[in-house]
Amino acid sequence: MDFTLTDEQQLLRDTARTLLAKECPPSLVRAHIEDPSVADALWERERDFTALAGGPLADLCLFMTETGYVAAPGRFFATTALFAPLLAALGDDRLDAMLAGETSGTVAMAGTDGTWAPNDDPVKRFVPELDSVEWVAVVDAGPSLRIVPAAGLDARLLGTADWSRRLFELGVSSVDGERRSLDLAAMEAVVARATVALAAEMVGTARRLFDMALEYAKQRVQFDHPIGSFQAIQHRLAELSLAIERADAAAQYAAMSVDADADDRARVVHVAKAAAGAAATRAAKDSIQIHGGIGYTWEHDLHLFIRRAYSSEAWLGTTGWHHDRLAELLFA
């Protein structure tokens, strides 16, 4: 499998990197804590890229890596990685408007145990960006689902470590809408696509933490030398870099496997999320160790990305959960 980016993919990556560096600085991520509406301006720019949801997953993952690098808040992930694939699986008429950036949506599936699988629980948890989208797809056992307007539902914001991704709890007993059925394999493919997209996003977050730690190690001086010249710091950064590169390769391979409908796609999806979770949490731990006391302060931006790393590791299945699913596939 050739991992070389095409000229078009390099242009996509570079365009996304430039755009998000300008439109989503850490100051916007901080402002979003108190006022989530500040992400609306970012969404206006991201609308130009929602069509990626209708193309190869590998291309969408390139963009997601850059959103992870800046910890971009807002509805882009929920709309393109969750809602759009579900609309495509259903052949829903709203898909064209979503790909054109004219509407947005999210998916409510995980039950009280947090597992992203169809269930009949009366409460759905960890529903992303419910207060900022137009539509929500409620997925029940079967699977059967209802697509309804997101406004006015019985929802509650969950308290999580990461304020840049708002997750909600939604009571669905009174949600009224036409029930539609979907093949279980198609539903699992939707979740797999979102899982790989999240893995790619986590690679971006891990790389941001690494870059911050590396830059600080070059600047911070102790005993008349930059701390980056100390062997212990060098080893920590080198090992972290290897973990990130492994996760990046796993996410890229998983995206291409999903695009190609490869026989091993179920396994590599679990590998990608587990590798990205391990890299992101390691980056969080190592970066704060390298920063020392300044990394613990509210004023420093490091905590914004540490929060994103740990919360993303827990969402759509923890590293341990994906390792367990992988073991079941390998040794069944």
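Rings of Phe, Tyr and Trp pair if their centres lie within 6.5 Å, with the six-membered ring used for Trp. In this predicted model, the count comes to five aromatic pairs. F49, F63 and F76 form one aromatic cluster. The briefing below covers pockets, ring pairs and charges over rings.

**Largest pocket**

- The largest pocket has a volume of about 1200 Å³.
- Its lining is made up of 46 residues. Nearest the centre of the largest pocket lie E188, A189, V191, A192 and T195.
- Two or more lining residues come from each of helix 5 (76-90), helix 7 (184-219), helix 9 (265-291), helix 10 (302-314) and helix 11 (319-331).
- Helix 7 gives the most to this lining, with eleven residues.
- By class, the lining of the largest pocket holds 27 nonpolar, ten polar and nine charged residues.

**Second largest pocket**

- The second largest pocket holds about 390 Å³ of space.
- It is lined by 22 residues. Closest to the centre of the second largest pocket are L5, L62, T65, D248 and Q252.
- Helix 1 (7-23), helix 4 (57-70), helix 7 and helix 8 (231-260) each give two or more residues to the lining of the second largest pocket.
- Helix 4 gives the most here, with six residues.
- This lining divides into eleven nonpolar, five polar and six charged residues.

**Ring pairs at W315**

- F77 and W315 form a tilted aromatic pair. Their centres are 5.6 Å apart, with 55 degrees between the planes.
- F77 lies in helix 5 and W315 in the loop between helix 10 and helix 11, so the pair ties together parts that are 238 residues apart in sequence.
- Both F77 and W315 are buried.
- W116 also pairs with W315, this time edge-to-face. The distance is 6.1 Å centre to centre, and the planes stand at 85 degrees.
- W116 sits in the loop between strand 1 (105-108) and strand 2 (123-128), and W315 in the loop between helix 10 and helix 11, so this pair ties together parts that are 199 residues apart in sequence.
- W116 is buried, as is W315.

**Charges over rings**

- The charged end of R94 sits over the ring of W135, 4.6 Å from the ring's centre.
- The charged end of R325 sits over the ring of W321, at 4.9 Å from the centre of that ring.

Notes:
Residues numbered from 1 in each chain as written. Predicted model: local features only at pLDDT ≥ 70, side-chain atom pairs only at ≥ 80, totals over all residues. Heavy atoms only, no water. 1 Å grid on protein atoms, 1.4 Å probe; cavity = no way out; pocket = protein on both sides within 12 Å on 5 of 7 lines; lining within 4 Å. Points joined across faces, edges and corners; volume = space filled by probe spheres on them. Helix = DSSP H or I, 4+ residues; strand = E, 2+ residues; numbered from the N terminus. Nonpolar A, V, L, I, M, F, W, Y, C, P; charged D, E, K, R; others polar. Phe/Tyr/Trp six-rings, centres within 6.5 Å; stacked < 30°, edge-to-face > 60°. Buried < 20%, exposed > 50% of the residue type's maximum accessible area, 1.4 Å probe, protein only. Lys NZ or Arg CZ within 6 Å of the ring centre and 35° of its normal.
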